[in-house]
Structure formats: structure tokens, C-alpha cells
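User: I am new to this structure and would like to understand the words used for it. Could you walk me through them?

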Amino acid sequence: MKILKWTIIVLASILIFWLVTAFFISGDCKYEKSITINAPVEKVWQNTNTLKAMDQWSPWNDIDPNMKKDWTGTTGQPGEKVCWKSQKKEAGEGCQEVKKVDNAQKRIDTEIVFLTPYKSEANAYVTVVPEGNGSKATWGFTSTIPYPFTVMKLFMNLEEAIGKDYQEGLTRLKNLSEKQ
């Protein structure tokens, strides 16, 4: 009986510690990566201003070249949407939808909903701005980790988790834009 009592006390203490710690950690997440491209802003923008254009340089297509994609909506307009489904766990299943296209500011905002391997949501964006004789493209996302899972931020390293993929995608965008 004493062992059970102490086990309950220890588990309750851990739970309380977790909940209190989580309360003080923001759930906001942001990650972005940029690359300098030796091409005019308009040329780079043409490779980023629609989901179909972004699909040309997406590093995640390599995970499963046979993943099923379903495209709906008007290309380059809010409502353009692609849903994918893969047999490979790393690619999973989900949808990405264009929420806003700002041609003047060269910015596209999308919403991504991952259904597998676990359900989550993020707001992604790509911006293109002049830099020297070329352009600077920035690709990023924001998301929110719900309480009490905010504690997981203490153990997350987004650069390690997705930095390589973002760098690969931006390098492909650079190569594509500089060839055209």
C-alpha cells in the first residue's frame, strides 16, 4: 500500500510540474530560411506565386515520387489547393491551400493541414524581395503547439528537424530561377 501511495505522489508531482512548466512556455513556433538568387524578382516570383509553381522545387516530392495529388481551385488564387496522400509515412497525408497572394509585395500565404503521421496545422509563406542585382527568397512557417504540449519546445530543434529540407527546396528554387 505504501508503494502505491508513493507511486501516485510521484506521478502527480511529475504531472503538476509538467503542467506548470508548460504554462510558462509559449506555444508559438516560427521557422524560416532565405537564399540569394541571381535572377530578377519577377522571375523568382513566377516560381513561387502558386502551389503548382512551388511543387516544382518541393524537396518533399523526393520522399515519394508516386504520391497521389489532387489539385483544386484556380491556380495562383486564394482557394488553390493540393491534397496529397502517400504510402510512405514520411510524406504522410494532408492539404495545402492558398490563403492570400500579394503580387505587389511578392508574398504568398498558405495553410497546411497534416493529417498523418500526426494531425497538425501550420501557416506557410514565401516572400521574394530585391537584393543587389538579384533577389532574396524567404520560405517559412508559423504554427502553435497546444498547451500542455508546449513543453516539447524545450526538446525541439527546428533547424535539425527541417532545415535540410528547406535548404534543399530553396537551392532548387535558386537553380530553377537562374536557369530560366
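User: Where is I162, and what makes that place a helix?

Analyst: I162 lies in helix α4, residues 158–179. Helices here are DSSP runs of H or I with at least four residues, strands are runs of E with at least two, and both are numbered from the N terminus. This is a predicted model, in which local features need pLDDT of at least 70 and side-chain atom pairs count only at pLDDT 80 or more, while totals for chains, interfaces and linings use all residues. Residues are numbered from 1 along each chain as its sequence is written, and side-chain values use heavy atoms, with hydrogens and water left out.

User: Why is I162 called buried?

Analyst: Buried means under 20% relative accessible area, exposed means over 50%, and partly exposed is in between (1.4 Å probe, protein chains only). I162 has a relative accessible area of 19%, so it counts as buried.

User: Which residues does I162 touch, and what makes that a contact?

Analyst: Leaving aside residues up to four places away in sequence, I162 touches Y31 and F141. Contact means heavy atoms within 4.5 Å. E80 is 82 residues from I162 in sequence, and their C-alpha atoms are 25 Å apart in space.

User: Where is S86, and why is S86 called buried?

Analyst: S86 sits in the loop between β3 (81–85) and β4 (93–102). Its relative accessible area is 12%, so S86 is buried.

User: How do you know that S86 has a polar contact with D64?

Analyst: A polar contact is a pair of N or O atoms within 3.5 Å; within protein, one must be able to donate a hydrogen and the other to accept it, and residues adjacent in sequence count only if both atoms are side-chain atoms. The side chains of S86 and D64 are joined by such a contact at 2.5 Å. D64 is also among the residues that S86 touches, together with M67, A91 and G92, not counting residues up to four places away in sequence.

User: What about the loop between β4 and β5: is N103 buried, exposed or partly exposed?

Analyst: N103 is in that loop. With 45% relative accessibility, N103 counts as partly exposed. The N103 side chain also makes a polar contact of 3.0 Å with the side chain of W45. F17 is 86 residues from N103 in sequence and 48 Å away in space, C-alpha to C-alpha.

User: And what makes K106 worth a look?

Analyst: K106 is found in the loop between β4 and β5 (107–116). Its phi is near 55 degrees, a positive value in a residue other than glycine. K106 has a relative accessible area of 12%, so it is buried.

User: Where is the cis peptide bond?

Analyst: A cis peptide bond joins Y147 and P148, with omega about 5 degrees. P148 is in the loop between β7 (134–144) and α4.

User: How do you know that the protein chain is more spread out than a compact globule?

Analyst: Let us start with its elements. The protein chain has 4 helices and 7 strands. The radius of gyration of the protein chain is 20 Å, well over the 16 Å that the globule rule gives for 180 residues, so the chain is more spread out than a compact globule. That radius is taken over C-alpha atoms, and the rule is 2.2 Å times the number of residues to the power 0.38. Along its principal axes, the C-alpha trace spans about 75 × 35 × 25 Å.

User: How much of the chain is buried?

Analyst: Buried residues make up 38% of the 180 residues in the protein chain.
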